[in-house]
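I'm opening my notebook on a new structure. The plan is to look things up one at a time and jot down what turns up.

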Amino acid sequence: MELIIITAVSQFEKDIKHLLKKSGVKSFSYMDVTGYKDLSDQPMEANWFASDIGEHRSILFYAFVQKELIDEFLERIDQLNSGQETASKIHAAVLDIKKTNKQ
């Protein structure tokens, strides 16, 4: 069993849900979060949000996933990201679960 954590801007919510279901992940959790990026070192003209706050509506997903489903899911994320014209991408991290309580 692996723990997968996925973060993205809120606009990707439907895409991520679709990818999880298509990859065989039957249960997952998600929540709205505030993403932050320090933009203080960038000129104001280069900042699409025209602000130095750097906060964005984001979403965080997490799921306990069988090891055999991980590679396919990550590949689907890479395919989706490669087709995006935006600077924002979907990010995923996989953590190995060493031990859990008995279920």
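**Tyr 30 to start.** I looked up Tyr 30 and got a relative accessible area of 38%, so I noted it as partly exposed (buried is under 20% relative accessible area, exposed over 50%, partly exposed in between, with a 1.4 Å probe and protein chains only). A reminder to myself: this is a predicted model, where local features need pLDDT of at least 70 and side-chain atom pairs pLDDT 80 or more, while totals for chains, interfaces and linings use all residues. Residues are numbered from 1 along each chain as its sequence is written, and side-chain values use heavy atoms, with hydrogens and water left out.

**Ring partners.** Next I checked which rings sit by Tyr 30. It forms a stacked aromatic pair with Phe 61, at 5.1 Å centre to centre and 25 degrees between the planes. For the record, rings of Phe, Tyr and Trp (its six-membered ring) pair if their centres lie within 6.5 Å; planes under 30 degrees apart are stacked, over 60 edge-to-face, and the rest tilted. Tyr 30 is in strand β2 (residues 29-36) and Phe 61 in strand β3 (residues 55-65), so this pair ties together parts 31 residues apart in sequence. I take helices (H or I, at least four residues) and strands (E, at least two) as DSSP runs, numbered from the N terminus.

Is Phe 61 buried or exposed? Its relative accessibility is 0%, so I wrote down buried.

I then searched the whole structure and found three aromatic pairs. One of them joins Phe 28 and Tyr 30: the centres are 6.4 Å apart and the planes at 40 degrees, so I called it tilted. Phe 28 is partly exposed, at 24%. Ring pairs link Phe 28, Tyr 30 and Phe 61 into a cluster.

Strand β1 (residues 2-9) has six bridges to β4 and eight to β3.

Contact means heavy atoms within 4.5 Å; axes are lines fitted to C-alpha atoms, for helices over the stretch in contact, and angles run from 0 to 180 degrees between N-to-C directions.

**Arg 76.** I found Arg 76 in helix α2 (residues 67-82). At 18% relative accessibility, it counts as buried. Its side chain makes a polar contact of 3.2 Å with that of Ser 23 (N or O atoms within 3.5 Å; within protein, one able to donate a hydrogen and the other to accept it, and residues adjacent in sequence count only if both atoms are side-chain atoms). Leaving aside neighbours within four places in sequence, Arg 76 is in contact with Leu 19, Lys 22 and Ser 23.

Notes
Pairing = 2+ DSSP bridges.
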